Amino acid sequence: GLFVTDYFTRTPRKLSPFRSFASIELFHFHIPEDTVIAVWNLITFKEQGGTFGDQCPDRSITVYFRSGAPSVINPLHTHFPRDTAVPGSFALTLTWTLPNRTTGVFNVTSPLPGDWFLAAHLPKDEGKISVKGLYEECQYLFQPQLIVQRLVNIAVLYPGHITEQSMAPHNRSCLYKVFVPSYTSRVLVEVLQCRGAESCPLWLRVRAKAPPLHNSTALDCRENSPCQLALDLPFWQHWYYVLVEKHPGVPGVISFQVTVQLTDCSRPSLARPPFLPSSASMNMPHSFGSTGGLALGDSPPPADPNGTKHSVPIPTASPASEQCWPVRPTLRNELDTFSVHFYIFFGPNVSVPPDRPAVFVINLLPVLDSGGVLNLELRLNVSSLCGENVTVFGCLNHEVPLTSSDNSSVTCETESMAGFLLSVNATASLSRLRIPYPQTGSWYLSLRSLCATEHGFEPCSNVTAEVYLRAYLSPCINDCGIYGQCKLLRTNNYLYAACECKAGWNGWGCTDNAEAFSYGFQLLSTLLLCLSNVMFVPPVAIAVRSHYLLEAAVYIFTMFFSTFYHACDQPGIVVFCIMEYDVLQFCDFLGSLMSVWVTVIAMARLQPVVLYLLGAMLLSMALQMDRHGLWNLLGPSLFALGIMAIAWTTRTIRRRHCYPPTWKRWAFYLCPGALIAAAAVLLYTFVETEENYFYIHSIWHLLIAGSVGFLLPPRAKSSGRLGPLPRRKGCGYQLCVNEQEELGLVDPAVASINSICTS
């Protein structure tokens, strides 16, 4: 065949350690139909400070693959909520082959067409709280690339027609495809009139949606005569691929015929006719994928050099053919993103008769609905059972309803299809099912009522069970509970939702309490973080006593907003917010930095109010730019220290004596205060983690407030209480001059000589 190669790539993204699904990086790809191989090239490289991160440690990277919807992953092995179905996915771990770069390859032969999703993350870290900008962080960037190779001009089989084919010696196989419309209960593929070799050395393989693989449904025509392969309950509205493969080592040309018969379950006594008025009758796409392909209703295409087609009689289906029942649609009501309710006409109470199943269809839109959770709830009305031991079974299957006529069967699986089973009875009248990240398309729910007997389940007689049915789409499971937050995330143009848990709770719905904080622990951590701010009371008292009223006001502001910010910032249920979280956080950060600023300015003994206003404006600007950036916060503090250093140096040079002048001030106040502040900064920067945050940060509050009490300078002596200046003695006289004038504190024009004293 003729192959076409397509290339797809995505922008590199920074990976994060796994905490929840909200911390992964999700990539969305689309694989076209008729693809025979898909190769993902997974490129990972390190960066540090804008250069290659050769010194960064090697951290394993896990990549997940899934078709149709994002992967439901559980790398921490937490518990899922009750009644939650977990779909499977492929996983791959990348190891490093070079100091700063590695490449992995993931091949998928005959992948399913449509949407594919890749999820990647780093392993969970120790939860250290790092200060942004303190050092160059190691970044791990991940970039997936997709290369697909697809076949063009695949021959199309028309139901009820024979296609003749000759397989040359250098060819090993021939590939065909046939479209299976809705309400098809059986697909029969047959190889006829095999010539050119003894006992027809051919394999017949059939697969839905993509070309067959080695483990697809297969039949050895050499051992089966006639060579017929039947598929019951095929997927509706999909292409089925038929591969006729030659046994290895068979020489010469082999000729054969291939035909396909489709059984219409709405008319089980008839096979589907070869021609219909239009393609809409079978919901078949007008384009068959091959050059010159025809829509139904057109005449059959002309024969190609190796094959011909002509009509054959339609055999009557066997009496055992499956019968399908009417499918009741649901009404889609969109309330919000991933908030969709599916209403049943004349519902939500539905009747399940004893002699046939009740079938409903739920249509999920492509791409749009795969990022939420599909919820299904069955509630049995026990009063409708009339005392009978009735059990209502529900089978939820994707793309085809499972309505087996075997009344003793209570399974929702076949050889080629797996579904989800629900059951309700008089004892357990409620059943729920949650499917996170469901595949899009049509989901069919089949309800059957059976009576339990000594020999198992048997059909009930004259008992119509009534069931309350509720189906809806939600962003997260139970809105992540009280210990989680449901977040709406986006990757390019794809939206999905995930829970972000807190207070030690984990799991897909924040229901795993293996590491959860108890209520007492939450209360203790909240009280420690809040009451540790009481340590600012002594600095406030010292500031008031020393007449530093502006500084005292700043300390009170800091104490108030730090207390209520931490009361609002708690992850558990011990939370109290008097304002919006963002306002409390801004005021807490501003108060903390203003406390440092006014303390340093007071130590410099500079009184101009303009410095306080300048500090408030600079710090507000820095916090608005980045509240967690190191240099945005450290810059104003260093500027204040620079002002203090200049003031102290100026006084030292002018007085020719070290400032502050007394050794007691240095030994008992400045040095201890500086050491306490340095210890607080070291704890905050290098020791604080998510696990010890509540007590390390409380110690930070105590140390910072304590350092302010040591560093705040003593009260400046008032000019009115200065001691008398030394008297200047003249010849026989002691001249008494106004001391206020001598200090330059009054206008000399109004000054008067107090007295002239004789010796």
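How are H1 and H3 oriented to each other, roughly parallel or roughly antiparallel? H1 and H3 are roughly antiparallel to each other, where angles under 35 degrees count as roughly parallel, over 145 as roughly antiparallel, 65 to 115 as roughly perpendicular and the rest as oblique. This is a predicted model, in which local features need pLDDT of at least 70 and side-chain atom pairs count only at pLDDT 80 or more, while totals for chains, interfaces and linings use all residues. Residues are numbered from 1 along each chain as its sequence is written, and side-chain values use heavy atoms, with hydrogens and water left out.

**Overall content**

- The protein has nine helices and 37 strands; helices (H or I, at least four residues) and strands (E, at least two) are DSSP runs, numbered from the N terminus.
- Of the 759 residues, 47% count as buried, where buried means under 20% relative accessible area, exposed over 50% and partly exposed in between (1.4 Å probe, protein chains only).
- Among contacts (heavy atoms within 4.5 Å) between residues at least 6 apart in sequence, 75% join residues at least 24 apart.

**Helices H1 and H3**

- The axes of H1 (residues 519-531) and H3 (residues 549-568) come within 8 Å and cross at roughly 160°; axes are lines fitted to C-alpha atoms, for helices over the stretch in contact, and angles run from 0 to 180 degrees between N-to-C directions.
- Thr526, Leu529 and Cys530 of H1 make the contact with Thr563, His566 and Ala567 of H3.
- By class, this contact of H1 with H3 has three nonpolar, three polar and no charged residues; Ala, Val, Leu, Ile, Met, Phe, Trp, Tyr, Cys and Pro count as nonpolar, Asp, Glu, Lys and Arg as charged, and the others, Gly among them, as polar.

- Four strands form an open sheet in the order S3-S9-S6-S7, with antiparallel pairing; two strands pair if DSSP finds at least two bridges between them.
- Its edge strands, S3 (25-31) and S7 (90-94), each pair on one side only.
- Neighbouring strands of this sheet are turned by 20° against each other on average, direction ignored.
- Five antiparallel bridges link S6 (residues 61-67) to S7, and Tyr64 stands opposite Ala91 in S7.
- Ser71 lies in the loop between S6 and S7 and is buried, with a relative accessible area of 1%.
- Not counting residues up to four places away in sequence, Ser71 touches Phe21, Tyr64, Phe65, Arg66, Ser89, Tyr437 and Trp508.
- Ser71 and Ala119 are 48 residues apart in sequence, with a C-alpha to C-alpha distance of 7.0 Å.

**Sheet S11-S13-S18-S15-S16**

- A five-stranded open sheet has the order S11-S13-S18-S15-S16 and mixed pairing.
- S11 (155-156) and S16 (217-220) are its edge strands, each pairing on one side only.
- S15 (residues 202-208) pairs with S16 in the antiparallel sense over four bridges, and the bridge partner of Trp203 in S16 is Asp220.

**Strand S27**

- In S27 (residues 390-398), nine of the nine residues are buried.
- Val390, Val392, Gly394, Leu396 and His398 point one way from S27, while Thr391, Phe393, Cys395 and Asn397 point the other way.
- S27 runs antiparallel to S30 (residues 441-453), joined by nine bridges, and Thr391 has Leu450 of S30 as its bridge partner.
- S27 also runs antiparallel to S28 (residues 420-424), joined by five bridges, with Gly394 opposite Leu422 in S28.
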